[in-house]
Amino acid sequence: MRGEFDFHIIEEPSIGRNSNSSRSFFDSRKDLLYIAEDLDGDSLSNATTHEFSHFLLHAGSPYGSFVDSVNWCEQRLLFDCVGRFKNANISVPSPFYEFANRVFKGRWSFFSSATKRFAEAAVRDYIQPWSVLSHIENVMESRNLASVRRETEASAFSYLLRAEGIITQNMGMAVGEEAIHPDQALINCFHDNDSACPEVQVLGHGTDRIGATHIFESMAVLAEKDHLAVMSIRTQPEYGFLYFTHYLAPTIAEYAQGRPIVLPDGNLKIRNDISSERFELFARAFAAVCDLALFSPIGPVYAPLRKKFPERALLWMQMHPGWRVLQGLRDIQTLAPFMEDLSTGLGRLQSHLCKENFWIEPQNFYDAALSFTTQSNIENMQRHLAFMSLRASHPLLLFKLHLQEEATTTERLAMEKCFLENMPWVHMPNSGFAIRDRDDLLRRIVTYFMSSSSDQLMFKKKLDAITCIPASIDYGRYFSNMKNASEFAGLLRSSLYGPIK
């Protein structure tokens with residue numbers, strides 16, 4: 001069965017998934033922007049800015065669209081698989097991934113013949129493609145997993161092609177087969193011994209693999225401009241700079257801070273002669289490079305660009321966000337002076353990087369998004385297309401928001417309109433969860449429950465439904481037939497899953 005399935009086993013499948021371990025977070029799978037209850041003053045402002053940055057970059061980047069499509073398909077595959085068990089009057093196994101591993105490894109002793117055939121088909125049709133999607137997301141994020149650490153360029157690209165096929169099939173996208181499956185010979189241009197994820201020396205912290213996660217976090221911390229206390233860099237340069245580039249290569253620090261000096265005890269001492277003006281130029285260039293690194297031609301909307309511009313989609317390094325950001329940051333000394341005038345510098349920087357690295361220009365992504373608007377009724381996809389339309393009309397807006405630079409009235413109104421029409425579920429201290437009406441709450445709760453419960457069903461021995469919805473909401477106020485959160489969670493559990501053994 002191993003050869004027949006080519007089933008990808010994720011050794012630590014729950015590690016690296018969004019566990020919301022921090023007190024404040026943006027979770028794209030739950031569609032939730034959560035700010036912790038006990039924050040106020042500067043800490044509240046910084047946390048809100050940080051998490052809003054995550055949302056904005058996720059909603060308005062091609063890579064974010066890819067993650068949305070992966071997560072949507074993962075949930076659909078799992079729930080369709082659950083539906084197959086329910087229709088066959090067979091209890092849903094839990095944890096599901098452990099069950100799939102037993103099926104994959106041929107441990108049949110506890111199965112009847114009919115159940116064996118049923119289980120094999122369920123794993124092949126649902127859990128195998130789920131595993132492919134989960135794995136390629138882990139690779140793109142460069143998560144610290146054994147399966148990611150040993151992944152090669154050729155193998156990763158093969159998984160990407162398979163994932164795009166799964167996404168297209170499940171989302172019903174009108175994308176031609178040839179657009180997302182380049183000739184198999186393309187894979188041969190990759191060297192199978194090359195790691196899929198770039199590994200760099202991190203200042204004072206050994207080595208790390210760089211991926212999309214590092215870009216999102218670096219941009220979010222950069223957005224906390226007051227928290228960085230730019231003017232205090234003269235007295236605490238290692239904190240001010242390393243805090244938002246602690247994942248990135250030492251060559252970047254050499255430009256922004258002066259060459260780092262390693263002291264005898266192994267600690268770093270960085271020159272503190274950087275001016276605030278030089279830092280601002282660097283911050284602008286840094287933000288522009290990070291953003292462009294997320295313009296990866298992958299997923300249902302943007303994979304066809306690889307066919308349209310084949311010479312700009314020949315290398316894995318042109319698609320993986322970690323490779324892209326490191327390629328762009330190599331030119332930071334050349335790029336930073338461009339950003340003295342943001343209105344002209346951003347375009348110059350993007351054109352320079354796309355020409356030097358054979359990347360597809362952002363305008364082609366905007367055009368692809370605008371032409372795609374009628375092809376999907378999936379909520380997160382529609383939100384992404386709306387934000388890409390906003391970016392096409394106001395290309396400087398995202399940078400102004402991240403760098404806390406003043407936007408024009410037209411830009412500000414356009415941003416407010418787009419956010420209000422496409423906002424995630426927001427939780428703020430004191431006011432709690434934002435609830436427009438009963439229908440809005442029901443939609444938000446179902447999304448939240450499906451994300452939380454699917455993780456538990458896949459990896460936990462027991463589905464604890466009450467932990468899969470927020471307990472602080474007065475459900476009886478909105479649903480007269482529900483007494484409390486426990487009763488509401490139980491109803492969702494039974495309606496979605498049925499019996500679970």
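How many aromatic pairs does a search of the whole structure find? The search finds 23. Rings of Phe, Tyr and Trp (its six-membered ring) count as a pair if their centres lie within 6.5 Å; planes under 30 degrees apart are stacked, over 60 edge-to-face, and the rest tilted.

This is a predicted model, in which local features need pLDDT of at least 70, side-chain atom pairs count only at pLDDT 80 or more, and totals for chains, interfaces and linings use all residues. Residues are numbered from 1 along each chain as its sequence is written, and side-chain values use heavy atoms, with hydrogens and water left out.

1. **Phe52 and Phe55.** The ring centres of Phe52 and Phe55 are 6.3 Å apart and the planes stand at 40°, so this pair is tilted. Both residues belong to helix H2 (residues 41-59), 3 residues apart, about one turn of the helix. Helices are DSSP runs (H or I, at least four residues), numbered from the N terminus. An α-helix has 3.6 residues a turn, so residues three or four places apart point the same way. Phe52 is partly exposed at 24% relative accessible area, whereas Phe55 is buried at 0%. The cut-offs are under 20% for buried, over 50% for exposed, and partly exposed in between (1.4 Å probe, protein chains only).

2. **Tyr63 and Phe66.** Here is another tilted pair, with 6.3 Å from centre to centre and 40° between the planes. Tyr63 and Phe66 sit in helix H3 (residues 62-87), 3 residues apart, about one helical turn. Tyr63 is buried, at 1% relative accessibility. Phe66 is buried too, at 0%.

3. **H2 against H22.** How do the axes of H2 and helix H22 (residues 409-422) cross? They come within 13 Å and cross at roughly 85°. Axes are lines fitted to C-alpha atoms, for helices over the stretch in contact, with angles from 0 to 180 degrees between N-to-C directions. The two helices are therefore roughly perpendicular (65 to 115 degrees; under 35 is roughly parallel, over 145 roughly antiparallel, the rest oblique). H2 contributes Phe52, Phe55 and Leu56 to the contact, and H22 contributes Met415, Phe419 and Asn422. Contact means heavy atoms within 4.5 Å. By class, the contact has 5 nonpolar residues, 1 polar and no charged. Nonpolar covers Ala, Val, Leu, Ile, Met, Phe, Trp, Tyr, Cys and Pro; charged covers Asp, Glu, Lys and Arg; the others, Gly among them, are polar.

4. Phe25, Tyr34, Trp425, Phe433 and Tyr448 are linked by ring pairs into a cluster. Lys30 lies over the face of Tyr448, 5.4 Å from the ring centre. The test asks for NZ of Lys or CZ of Arg within 6 Å of the ring centre and within 35 degrees of the ring normal. Lys30 also touches Ser452, as does Cys468, leaving aside residues up to four places away in sequence. Ser452 lies in helix H23 (residues 438-459) and is buried at 9% relative accessibility.

5. **Arg324 and Trp359.** The charged end of Arg324 sits over the ring of Trp359, at 4.2 Å from its centre.

6. **Helix H4.** Of the 9 residues of H4 (residues 96-104), 7 are buried, so this helix is largely enclosed by the rest of the structure. The buried residues are Phe96, Tyr97, Phe99, Ala100, Asn101, Val103 and Phe104.

7. **Thr115.** Thr115 is in helix H5 (residues 113-141). Thr115 is partly exposed, with a relative accessible area of 25%. Thr115 and Ile90 are 25 residues apart in sequence and 8.8 Å apart in space, C-alpha to C-alpha.
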